[in-house]
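This report describes selected features of a protein model. Please examine the sequence and structure shown below before reading on.

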Amino acid sequence: MNVPSFSSAAALSPSTLAFLARQHGHFIGGRWVHPTDGALIDIHDPATGERIAGCAAGGAAEIDAAVRAARAAFEGPWSRFTAAQRSAVLWKIADLVQQNFQQLCELEILDNGLPTPLAQYVCGMVVPDFFRYYAGWPTKIEGATIPAAPQGKLPGEALSFTLREPIGVVGAITPWNSPLPMVMLKIAPALATGCTLVLKPAELTPLTAMRLAELCQEAGVPDGVINIVNGYGEDAGAALAAHPGVDKIAFTGSTEVGRLIVKAAAGNLKKVTLELGGKSPVVVFPDADLEQVIPGAARACFFLQGQNCMAGTRLFVHEKIHDKVVEGVAAVARAMKIGPGLDPSSEFGPLISAEQRNRVAGFVDAGRKEGAEVVCGGNAPTRPGYFFEPTVLARTRNDMTPVKSEIFGPVLCVQTFGDDDLDSVARAANSTIYGLSGSVWTRDLGTAMKMVRKIDSGQVSVNMHAAIDPAMPFGGNKQSGWGREFGKEGLEPYLKTKGISMTW
Ligand code: NAD
């Protein structure tokens, strides 16, 4: 095994080292399955570029076995769990995540590169809180009695009501940018509603998904309810999206692949929810509190090194405060300590891969050529790993390449407005194919509420950005997706409604 070369690698807990050293296959029907042939995927630490583990690359055969296991569990043991028993299991998963906090943090950092404090927040709070929130739902999934008059029956001669039922076998496909939360977002509502799941995690970051599947089993989830098939998108992912035994696909990833998922799902018209890309606006009015705005706008873009679907990557600042805000955000960016996530003092980790770093650099170069001013950053530091400096591009326009595209990296594009007509500000903010998140910064509640209505995004925050909570629905408008995750709405795509009328 190659132990990560980061200087504190010796400090990794024995359970993490043992997990990395394992031979990783697929989790099907409650046990690890190790194909004897087929390709292997190397898993790298983005902070060093070194191989830290490997896993099997599955394809159609493994997907088919996993779908069969999920169907058997759906019709078998899982269907006999009461709602209260499903609640107890979800609650226990949250407890086990907290008990395995250290190992999950280390695996998530090694896999994705995120800084230690963020990993601690994710594994210690975000994930357990989310499972506990959904632990409250199974006993509250209710149908309705309907005042219908089927076939002319009078009141008292018939009863009509609805039954909410689990949709069945769910195929889940997740991206690499926030591996454990992305998987949590699929597993928790599936378990709460009584569905079973076949998950294909991102090939770049499968570690915590595999460990979470084991914790779910330990919490009492029956064999076959959660299955994991590792593999590449065009093989395992495509086979899952097309499989006729899958009732619904829950996909998070790029808009481009989202389109392929829709096509693949058409064969059996499986239901599809899509959480896709974003290019979210941050709109700052001249009366805003700059003490809040400057760190807030920096965090909105540079959180997770900008590899974040909600990232506020287009900053619209009123001309009266433009220079102050841009200089302030650039100062925050310059002061960020870049380093490996495992170093607790690092504030800004690596990008996920060399390919992603080169892609980000390409967007910055295109911006330069098209006339943008590089206020700070713009380079890949010379050190091992896939680092790229937090970058602020000023004097950008809507027609510039870095403004039009989802870069998925730490590049903030600043535009200015002098116009106090809210419609024209909103038009500029909405001038993208995406509509995922966005924020408005002002002390004027009237301006805030008018802008909230005008911005065409699934989420708009005021004087903060990307305000996420387990209870708040989240999802995309326009080409940022179909459907919502989080909250009560996040259960809906996992349920179907049966209408029942009876007479006597
Ligand atoms: P991606 O679309 O390349 O891959 C996502 C997943 O799809 C991976 O597991 C991949 O293996 C799989 N995949 C690739 N090709 C496939 C195919 N033909 N059929 C089936 N599956 C396939 O995205 P990525 O690079 O992993 O992640 C970055 C993207 O994810 C960004 O666009 C980002 O905005 C988006 N994202 C959205 C949200 C959200 O909630 N809206 C959250 C996180 C990330």
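Is glutamine 151 buried or exposed? Glutamine 151 is exposed, because its relative accessible area is 79% (buried means under 20% relative accessible area, exposed over 50%, partly exposed in between, with a 1.4 Å probe and protein chains only).

## Basis of the model

The model is predicted: local features need pLDDT of at least 70, side-chain atom pairs count only at pLDDT 80 or more, and totals for chains, interfaces and linings use all residues. Residues are numbered from 1 along each chain as its sequence is written, and side-chain values use heavy atoms, with hydrogens and water left out.

## Two glutamines with positive phi

Glutamine 151 is not a glycine, yet has a positive phi of about 50°. It is found in the loop between strand E5 (145-146) and E6; helices (H or I, at least four residues) and strands (E, at least two) are DSSP runs, numbered from the N terminus.

Glutamine 305 likewise has a positive phi, near 60°. This residue lies in the loop between helix H10 (290-302) and strand E13 (312-318). Glutamine 305 counts as buried because its relative accessible area is 1%.

## Domain arrangement

An automatic or database domain assignment sets the domain bounds: domain 1 covers 11-276 + 482-499, and domain 2 covers 281-469. Their C-alpha centres lie 31 Å apart. The contact (heavy atoms within 4.5 Å) takes 25 residues from domain 1 and 29 residues from domain 2.

Between domain 1 and domain 2, the count of salt bridges is zero (a side-chain nitrogen of Lys or Arg within 4 Å of a carboxyl oxygen of Asp or Glu).
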